[in-house]
Every structure is written in structure tokens, then in C-alpha cells.
Amino acid sequence: MPSLYVHVPFCFQKCDYCAFYSHSLIDSPKDLISVYLEGLEIEMAKMQKDAPQGVSSLFVGGGTPTVLKETDLERLLKMIQRYFSMGLGVEQTMEGNPGTITDEKAKLIRSHGINRFSLGIQSFNDQLLSAVGRIHTAKQAREAIRRLREAGFKNLNLDLMFGLPGQTMDLWQASLEEALSYSPEHLSLYGLMLEEETPLYERYAGKTRGEKGESREVRGTVLEVDLLPDGDLQAEMYEWAVMRLRQGGYRQYETSNFARPGYECQHNLGYWRGADYIGLGPGGVSCLNRVRWKNIEEVHAYENLLRKGQSPLDELGKEVLSLRECMAERMILGLRLEEGVNFKTFEKDFGADLRDIYRSVLERYKNEDVFIIVKGDYLCLNPKYAFVANSILQEFV
Amino acid sequence: MAQASQRIRNFSIIAHIDHGKSTLADRLIEYTGALSKREMEAQVLDSMDLERERGITIKLQAVRLNYQAHDGKIYELNLIDTPGHVDFTYEVSRSLAACEGALLVVDAVQGIEAQTLANVYLALDNNLELISVINKIDLPSAEPERVKQEIEDVIGLDASEAILASAKTGVGIEEILERIVAMVPPPKGDDEAPLKALIFDSKFDAYKGAISYVRIVEGRVTKGTTMKMMSSGKTFEVTEVGVFAPSMRIVEELRAGQVGFICASIKNVKDTQVGDTITDADNPADKALPGYRKATPMVFCGLYPVEASDYNRLRDSLEKLHLNDASLIFEPETSIALGFGFRCGFLGLLHMEIIQERLEREYDLNLITTAPSVIYKVTTLKGEVLNIDNPSNLPTVDQIVSIEEPIVIATILVPSEYVGAIMELNQEKRGTYSAMDYVSKSRVKLIYELPLSEIVFDYFDQLKSRTKGYASLDYELSGYKETDLVKIDVLLNGEMVDALSFIVHRAKSYNRGRKLVEKLRGIIPRQMFEIPIQSVIGNKVIARETVNAMRKDVLSKCYGGDISRKRKLLEKQKAGKKRMKQVGSVEIPQDAFMAVLQIED
């Protein structure tokens, strides 16, 4: 069974580091959300008519789903429940920005089947938040956590970012400690990546503090927002966090994801284990039986095609994956997981033993320290190298 | 017969690199109507892309211009182009030997440069009639009077008659043509005498074989002549003769005084060496024309394919380039670090760069070039004298009695305010002062003896930067001299990388050893583990740096909508890594092997 992702391509305002497709509500026409919902409803109906499909998990992401006003949110959630009946045990996540979560919305979301909430905190420092164009404050973040708990969310994820402009080790530690004080079931820690064509890239490309391990000001709370922490400092922040969360009883089950036992995100595990997925909404990406496609992003065009009974997919975004590419993806995604890649599943899915396919790579990396470890039926990356994984992962593509 | 050669004028153009030689040649061709404007684009003297880009002529060419002079007669003007760089001095001397006159083109702003001066001397050696042309007079900063004075002071030519021209705007072109007709003597040469043809260039053609570009000095040659190379005694049957008008046009015969080409199904350009004399095997000349010598490479480097599987392609490409360029030599060599490749010899640094670039561009090869070296003469305990063109082949210290290195005589022309800077530079470069002359009120000619290895090592760049680009340099090999030299080896992660070894004067060894490891530390990217870099002399470590282990190289998130993009990102990263050379467990970027050239003393 594939998983289901529903894309909500709206934000109050785009963050400076974000390269995803999303409309800023500030400069969108009022009826754009209605147009979107119209289109989405047709897409869901069409899908269930053409090829009825059960789903293993739900993730409503964006963008910022919670930027929708209550009536729109309700319409969206009801629509999902109508076309995809999911049992009680099925993980259903929605993500949101602390600045957009009211008591009413929290309750509404919880009462329509959503049982996991992922909150984009990023930092509990207002200066750092504004340095990357986040619309919310630390205070709003604290309130949002309280509201979500009060609405009955028992599975809460907090997103935090490190490597923000001006961030020091002390500031990072303070944010993570505060996050821990709310006892979230799940934490995602992302190192800031400079994506091309984002305002942050324009501002910071090439401006990191320290080069090649030269002395850097790691400590202290002085903000130098004109400089980005370099790779070494990011690595130190990451390593500290991994250690701290282990002490706090969280399991690092993926490069950037930590959970209390039993609270691993099932939806995302599906991606990393190579399961099929369906992505609905403008810009949504689906991958079924080695064919990957993407819906067109522009909301009006998306709705228009659907209304005319046509497929909303973007021809340029269609990709028929070769067996080799599929294997490569299985490896680069699977090795992000603590558990690693399962030999048996690999053999079942691709008809070949991964130890034969990647023999030369495995032998090379076995000789040099232990970058790659075999554990039972699994091949996994030595966690020591998680933060430099690309050098190893690129051997599989 | 004699009447016909009275209307031939053979000339070339002497000019510094950017003093407008090519533009002037283009203008002369255009004026005499040898080519239409449209054809000019495709044809013309600088036919390689590289030459156009660099604004220099590498491979000489010739062109025949028919010009109706003011006296009403039509003259055959043969322009023989010369390469404008110190690496190709010998080629220049041969093309000058094929002429009776030369245009001395001097930039109205820059004045005379060392290169020009060197070529003027070559022209005077060949008894050429010189016509001074002051070019670029259209520029606002032009100073024709000062330049005239300089021509008189430096060269001793009467410059009162110098033609003021602008190849760009066309000013003075007609006057130049008239002056060539009036001043350049017609070729002498008896066309009834035994054949003597001077080869001033050769070119390989896939259909015709090696084509000799010649000046017929005496006698005549037609299709069917059995020709003989006087240096080697090899004979060939002439299949066609022709002229450059400006593209190759077959004619009945070439005779004394004329410039043209000879094809004889010659398989290898090595058999048509520049400077050699062609004669008629059935009626041979008793003596060859003077001045022939084999082209001798002065600078050597290793060329290795990044991908070992490209080895054969590299060999084939070098062979193809060699077809057209007998001065390029290469032989297989093996490096522990780099695997199988070739040690290649070049006339000089520019020649080396050109060959490298052509291999990469025209033959699409991904190459590693090692730092250039000169040939050292090493006397061993056994009494042998070894020619060492690759530092890693230097015998161990206990086997060496002495090492000699090549020395050049360098002529530097520079505005007088930079004399101090040049002296300082030459001091650093182990130069020996030999003479200084004021060639004009504001310009000085300095003569130094310098080790060739120091010229190979960053000399040009230093010369330019220390004189704001005003100094010009010419040099020729003068001999060998015993020097106190040592070899520096480089260890990466404890393993010696033979391709990084270099030979240096003992007094400079510590400094260069230290600077090199510093430089390498900046070039070698961080990897999964720490990499110590050491430079050593024998077993003694003289410097050490460390490339710290990489700490961050990760995709922080990767979810459904993003997987293809992230996979492609890794593919791209992998492709970037492929351009590096894996030596032991360390990945080394290509430019690391040239790093020794980028350090300052």
C-alpha cells in the first residue's frame, strides 16, 4: 500500500531558505485557496475512480497547511477522510507553523483524524528566527505547543534547525534544551542548507565563518548574523545534539530524525525504505512501480486541467526509473536509516543480491576503517559517518 | 625567366605579440583582394581557434598577394607569417631566411619589446631589408615620434621614413605595399641551378601526407621530380606543387624565388623538418642551405589520463598532434602515483600549454599535467652522465657526483624605473648579471644568465606583475652549469607521490618545500580522514601540514518530493570527484600537480 501526501502550496510568507513550491498568501488573490481545494477534490475523486487505493499513512504538508482558515481546513480534512478511509491505527500527520495555530484550529485538526502534528519551531531565539525570515516568535512557538497538547495531540514532532546565520553553539544548545523541556515524542534536526535561488543563498553563499578548521568563535551568544556557521561548527552542533538526545531517551532512527521508541514517523520511513507513494495537490510527487511523476505547480493550471478531466501531471516531471536508479535510491535512502538496507527486501524487489551489485564499493569501504557495517539482514552506515555520508552514498549512484 | 622573379617580393612581419601583426596581415590580404570579407573570417593566418583566442600565431602560414603597384605592374608578394613567441625562435629564423625583407611593426604606444628586438637581430643576420611600420597610430595615446626615436636608438635603423599606420582603420596600408615593392629586393637565385628549397614549415594533411612549405632558393620543382631531403638523404616523388593564394592552389612548377608548397606522399612530418633543404635527387645541389638544426625540446612534463582507460586515446591524440608538430616529443612513462602516461618535451612553456589545451579541447581528454622540468645532466659514481627530464628519476644522493642544469642568456627590455625590480627578481632567480644598456632615455636592456629551471618556475608571471606588464623577455640556451641541487619529494598520508617531486637549488629548498605543502593543503579537499602532507629531502622531513578530516557532507533532509533531485545532486558530486586522481587512499585534484609552480619564493 502506498502512502499519501497532500501538498498545501501556501504559506503566510516564504522563509528565506526555502526552495519548495509555495505561494505567499500576502500576494495571492483571495480565491486561490478555493481554486486549489476545487482542484484537489477533483484529483482525489478521479484517483479513487480510476484506481481505488488504500493508503498506509497520511502526511499533509506544504507550504503551511495551517495557514488555511478554519472553514478551508475543515473542507480539506473532510475531503481527505471522504476519499481515503483510514483506520484508527493509521498515522496521520499535518505540519504547521507556530504563528498560524489557534486553539480552534488545533482542535479542528485533531477532531478530523489527524493524530500526529509536526511543528516548525526551528529555534527558540527571535533574532535567529527573523534572520531567516520566519514569521513567528519563540513565544508563539511555546503557545502553539501548549495548544496542540491541549487539543489532544499525543504524538508531536518539533523541527529545529542548526547552522542558522549568527547561531553559536550556546544558542543551539539552548533551543534544543527548551524543545526537550516540552517532551516531544519526535524531533527533526536539520542543518541549514543553502539552496540555490533562495534569498538566503544570495545573501550567504561563500560567507562562512572559519575555513578548514581555523579558529572560530564557537561559544558565546553574540550574534554575527552576517556569517553562517561553517561545516565544522555545524558538525559540532550535530554531534552534540546526537549525544544529548541519546541521553534524553531518543533513538536516532534516521540522519536527522529522533524519536521515543514507537514514535518513529511511519510515513517518512516509507520513503526511506523505498515504498510507493502518492502525492496529491499542485507540485505533488508520486512514485508507483518505478514511475515517478510530479503534478504541475501552478494552482490555476492544475485546477483547470482537472476540471477538464485531464491529468494534472507535469510532463517534464515524469521519470521512468531504471532498475539501477531504483537500486541507487534504495541505497542512498536506506543508508540514512539506523537500521540500514535490508538484503532480503532488496533481493525480493530487484532480484539481485546487493552485495553482488555493489561488491567493489563495499570492499573498498570495508577496508578503510568501517564505514559500512553488516548487521544481520541489514547493511548500514557506521553512525560515526552519518554527517559525512555523501562521500559514501555517492558511490551508489 | 629572370624577368619573372624581378616581380616577386618575399617578406615577413616582425612584431611583438599584440602589436597588431595579424590585423595588419588581414588588412594586406583584404587590400590586395586575395580574399573577400566573408572568406576573411574563415581563413586568414591564425587558423587555429586557440591562436585567435590568445591573439598569437603558433603555426606559421604563408600567403601570396597579387598587387598592382603604382608603376602599373603586377607584383607577386609572398607574406610568410612568423610565430611571435620566444618558444619558437628557431621557426622564426627559418621563415626569415626564406625572405628578402621584413616589416618591422612597432606599437605606437608600447614601443619596442624584447621579442621584437630578438627577431630584428635574426632578420639582420639574414640580411633582410627592414621597413619600419609604426602601428596603432589611431590610438589617442600613440607617440609615433618617441617610437621613431626608439627605433633609431635601439636598433640603429633610420626611422625618418617609418610608415605611420593603423591596421585597424586601414591607414598606411597602400604605402606599406608600395614600400615593399620599392625596397625589398627581388629574389636572386638561378632557376637553372640544381634545386634548393628551404622548408620553413610543414603541415600534415590526411590525404596528401606531410606538406612542405618552401621557399625555392635555386632551381625549379615540378610534379614528378624525385626530391631529396638533404639532412636525411630520404627521397620522395613529388605529387604536386602549388602556391598559397591564399588557399592552396596547384601550379605547374615552382621556381627560384617563389614561395609555395610541395606534396610528395610523405607519411611523417618528421621527414619534412623545418630548416631542411629539399633538392632534386637526379641533379642534387652540392651543399644544403645553412642554418638547419633539429628542434630541441627544453621543457618536459608528464601527461597522464585521469581515467586509466584513456591511455590509448591519449597516445593516439599525441601522435596526431605530432604529425603536425615535429618539435613535440613524447615517450611512455609510468608513475607510481599516476599510472601510465607520457613524458612530453616542448620548445617552451607556451608550447606546453598549447599542447595541453589542444589535447583537452580538441581530443576531449581529461588530463593530469605534472609540473614542468628541464633536463638535468647528472654524473653518477659509475661515471655515467644521465639526462634527467623527470625529477623522480634522479638517482639517490649517494650515487650522484654532480648535477648540471641548463642556463640561458636572457634579454629583458624594461622602462628604466623598473630596473631595480628586475634586478631583485633576477637575484631571487639565481641570475648572474652580465650587461645593461640604456636603449633610449627611458628604456633599459638588461642581460642576465639565468637557470632555465627558474624561468620555468613562475618567472613570466613575476616579471609581469613586478613591472606592471611593461617588461619583455627573450632568451636562448647558452649551456650547462654545475649547481648544488636537491630533490624534494612529497608524502601524502605517508605515501610518496612521485609525480609531485621536483628539483630545486639547495638554498631554496626549505622555503619551497614549506610553501608547497601549504599550497597543497589549500588545494586538496578535506576527505573522510585526516591527511598529513610532508615534504622531504631524502629521509628528512622539512615541512608538514595537515588537511583535517571532513566533518560535514550530508543531505540534511530527503523526502518523497525531493528524492530525484537529491539523487542527481549525489551524481553531480560523484562526477566532480571523478575529475580527481585517486593516489593511494587520497583523492587529489588535477591542479595539485602544478601547485609547485604557483608558489612564490
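A residue counts as exposed when its relative accessible area is over 50%. Keep that cut-off in mind for the views below, which come from a predicted model.

**View 1. Chain A as a whole.**
Let's start with the big picture: chain A is built from 15 helices and 19 strands. Its radius of gyration is 21 Å, close to the 21 Å that the globule rule gives for 397 residues, so chain A is as compact as a globular protein of that length. Along the principal axes, the C-alpha atoms fill a box of roughly 60 × 55 × 40 Å. Of the 397 residues, 57% count as buried.

**View 2. The peptide bond between Gly62(A) and Gly63(A).**
Most peptide bonds are trans. Here, though, Gly62(A) and Gly63(A) are joined by a cis one, with omega at about 20°. Gly63(A) sits in the loop that runs between strand E4 (58-62) and helix H2 (70-83).

**View 3. Glu197(A) and its loop.**
Most residues other than glycine have a negative phi. Glu197(A) isn't a glycine, yet its phi is positive, at about 65°. You'll find Glu197(A) in the loop between strand E8 (186-191) and helix H7 (199-204). With a relative accessibility of 76%, Glu197(A) counts as exposed.

**View 4. Asn289(A), between two strands.**
Asn289(A) is another non-glycine residue with a positive phi, this time about 45°. Its loop links strand E14 (285-288) and strand E15 (291-294). The relative accessible area of Asn289(A) is 67%, and the cut-off for exposed is over 50%, so Asn289(A) is exposed.

Notes:
Residues numbered from 1 in each chain as written. Chains lettered and ligands numbered in written order. Predicted model: local features only at pLDDT ≥ 70, side-chain atom pairs only at ≥ 80, totals over all residues. Heavy atoms only, no water. Helix = DSSP H or I, 4+ residues; strand = E, 2+ residues; numbered from the N terminus. Rg over C-alpha atoms; globule rule 2.2 N^0.38 Å. Buried < 20%, exposed > 50% of the residue type's maximum accessible area, 1.4 Å probe, protein only.
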